[in-house]
Amino acid sequence: MNEPTGGPMNNEPASGPGNTAPITQEGLRGGRPGSKATTGAHVPPGGGGPRRKGRSGRAEPRFRSYYDLPVLNKPVWEAPDIPGYLFLGGLAGAGAVIAAGAQLTGRPELSRAAKVTAASAGQLSIVALIHDLGRPARFLNMLRVFKVTSPMSVGSWLLAGFVPAASVAAGTEATGRFRPLGAVATAGAALLGPPVACYTAALISDTAVPAWHDGHRLMPFVFAGSSLSAAAGAGLLAAPVEETAALLPLAVGGGLGEVALSEVMRRRMGVVNEAYETRPAKTYLRAAKALTIGGAALAATCRRSRTRAALAGAALLTGSALTRFGIFYAGLASAEDPKYTVVPQRERLDGHSGSSTAPGGEPDRGLP
């Protein structure tokens, strides 16, 4: 996956003409009007051009950077490859866990459907990743080393082990041959399933993109709930109702957990939450919320109705996919506006420096 400058694995500002000075502490606090220390900070009154009206009706400063370049380079990842990759990986990982559970509890139709779902989604996730990379060799190059501190490296190795295991499990189930090998493959895929379902949250959170990084504490749980609701939805859609009773609490809990944790995560982001209110992120996330809640409600009442189960499954699958697309586009929006990088940094800096200030508005550094 192409890593944007100022994006995954580093936190450097975007390069450009004149962008030779780093964002300093003085710059984050405001600095002197017109000085280079104000890189990325809001433009002071009288020297910053037009000011926009905030929600309170008062004029707010317009954030700028050198030559109006963004503080961070916009990620080069594109849709539908990367949001599709995020969704398919989650569906595959959770599907493998459900497949193993169904096999252990004597639900053959559900086990078969979940195995096919896990294998197909895993294979498609690699296709989406390679399409974004441009050449298959780039994916293979990521397997040359294993770096435990790199989500990209860990994720590549997880997929390299998970997809063959899930494919063998589905193949032996479909053909009815090599059952012992299929049982081992099913167990292996189930073991790798949870990290496959959640590692993409660590992947995007370990970047400088504000809307992703600032949600790093809860993003894995949001992805886990979304993956679980999607895989349960796939089971409701494909298996007979006689075997899907155990999926109902997973569908309801995963779906409602995804919605609740998403709200909590966004509320904790402060100003960065505004990126989730930009379009098209807002459109995707609103549709995802409605479909997920609706799917969970249908799942709670579909014990004997095949039609309700199918509708619930389709709603949960679609809602999970739209959640990934919404989060993806919110990240792009947050990388383009310097405000989402500068304001949280300034708030953290003010919190570390304390509330004591010297006359004139400058922080009191305890100098005589």
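Tutor: Let's start with a definition: helices (H or I, at least four residues) and strands (E, at least two) are DSSP runs, numbered from the N terminus. This is a predicted model, in which local features need pLDDT of at least 70 and side-chain atom pairs count only at pLDDT 80 or more, while totals for chains, interfaces and linings use all residues. Residues are numbered from 1 along each chain as its sequence is written, and side-chain values use heavy atoms, leaving out hydrogens and water.

Student: Where is Pro280 found?

Tutor: Pro280 sits in the loop between helix H9 (247-267) and helix H10 (281-299).

Student: Why does Phe178 count as exposed?

Tutor: Buried means under 20% relative accessible area, exposed over 50%, and partly exposed in between (1.4 Å probe, protein chains only). Phe178 has 55% relative accessibility, so Phe178 counts as exposed.

Student: What is Cys198 called, and why?

Tutor: Cys198 has 23% relative accessibility, so the word is partly exposed. Cys302 has a relative accessible area of 2%, so Cys302 is buried.

Student: How many disulfides does a search of the whole structure find?

Tutor: A search of the whole structure finds zero disulfides, where a disulfide is a pair of cysteine sulfur atoms within 2.5 Å.

Student: Why are H2 and H5 called oblique?

Tutor: H2 (residues 81-104) and H5 (residues 151-175) pack at an angle of about 50 degrees, with their axes 11 Å apart. Angles under 35 degrees count as roughly parallel, over 145 as roughly antiparallel, 65 to 115 as roughly perpendicular and the rest as oblique. H2 and H5 are therefore oblique to each other. (Axes are lines fitted to C-alpha atoms, for helices over the stretch in contact, and angles run from 0 to 180 degrees between N-to-C directions.)

Student: Which residues make the contact?

Tutor: From H2 come Tyr85, Ala92, Gly93, Ala96 and Gln103, and from H5 come Leu159, Phe162 and Glu173. Contact means heavy atoms within 4.5 Å.
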